[in-house]
Amino acid sequence: MKKAFNANDQTLTLIQKAALAPSSHNTQPWIFRVSNTIIGLLADRTRALPVNDPDDRELTISCGCALMNLRIAAAGFGYCPQVETLPDSKEPDLLARVTITRASDSPVPEEALLGFIEKRRTYRKRFVSRDVDSVTVGHLVEAARTEGAWLRPLSTEEARQQAARLVAEGDAIQWANPSWRRELAAWMHPRRRGDGLTVPALAAPVSQLVVRTFDMGGGVGAKDRQLAESSPLLAVLGTDSDSERD
Ligand SMILES: Cc1cc2nc3c(=O)[nH]c(=O)nc-3n(C[C@H](O)[C@H](O)[C@H](O)COP(=O)(O)O)c2cc1C
């Protein structure tokens, strides 16, 4: 029989799993506040990226990734987490409140993902050029829908080219901005620091200097465009409120 949630034993493990989530510039902009069986997830705005992310949009998405990991970990350990998002209008930094009391009677779908939390990595190189089968694409679309978002695969060559052009254009705009480059360089850390975009310790000062000093938008844009054009699957992930805003 499954045991009731033991806050002392298990909270730290759940939070460790949550903190393995991806985050913009690997800023890990989250704080966990524990009170018995309730874990509060707060935005740590001291880790904001004012130039790259002026509205804290990516910061909020990063915290959403940590929330997803927390849900997966809780489900994987046999609990049924109750999640309230933005539970207190007086505390806007409190993005979610997760209550973990009840052992789940039946499997929670997220539990199947537990083993992937530690395997997941951001991959920036070229993908194997092999079609993604339509069943897998359907699962991805459905997974986004379940979470109240939408995923739109770009299936025509015209749409793919357009997206690849936009990626290159975005690179050019960002790299041309010295404040954006300074912010990026400030988050390039040797691996031992834990957060930030990791660079080899010896090369870190040179890499930071190069990024701060030179507009490499042209080269980065061309590479990203080529990667996008050759990717087996390109898709746009968003929510209805994104569409309204744009
Ligand atoms: C909201 C968000 C935006 C991101 N944007 C980029 C990006 O523009 N380019 C990129 O190479 N990686 C991007 N990443 C990936 C992060 O850099 C990555 O998650 C972080 O460095 C930690 O590495 P990991 O995912 O391998 O754990 C983004 C991640 C998140 C959550």
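Which residues in α5 meet Q208, V211 and R212 in α6? In this predicted model, the α5 side of the contact is formed by R181, R182, L184 and A185. The residues of this contact divide into 3 nonpolar, 1 polar and 3 charged.

Two packed helices are described by the angle between their axes and the distance between the axes. Helix α5 spans residues 178-186, and helix α6 spans residues 204-213. Their packing angle is about 165°. The axes lie 7 Å apart. Because angles over 145 degrees count as roughly antiparallel, α5 is roughly antiparallel to α6. The crossing of the two helices, α5 and α6, is right-handed.

On the scale of the whole chain, the protein has 8 helices and 8 strands. Its C-alpha atoms fill a box of roughly 60 × 45 × 35 Å along the principal axes. The radius of gyration is 20 Å. A compact globule of 246 residues would have a value near 18 Å, so the protein agrees with that expectation.

Methods. Residues are numbered from 1 along each chain as its sequence is written. This is a predicted model: local features need pLDDT of at least 70, side-chain atom pairs count only at pLDDT 80 or more; totals for chains, interfaces and linings use all residues. Axes are lines fitted to C-alpha atoms, for helices over the stretch in contact, and angles run from 0 to 180 degrees between N-to-C directions. Helices (H or I, at least four residues) and strands (E, at least two) are DSSP runs, numbered from the N terminus. Angles under 35 degrees count as roughly parallel, over 145 as roughly antiparallel, 65 to 115 as roughly perpendicular and the rest as oblique. A crossing is left-handed if the near helix is turned anticlockwise from the far one by less than a right angle, and right-handed if clockwise. Two residues are in contact if their C-beta atoms, placed from the backbone, lie within 7 Å. Ala, Val, Leu, Ile, Met, Phe, Trp, Tyr, Cys and Pro count as nonpolar, Asp, Glu, Lys and Arg as charged, and the others, Gly among them, as polar. The radius of gyration is taken over C-alpha atoms; the globule rule is 2.2 Å times the number of residues to the power 0.38.
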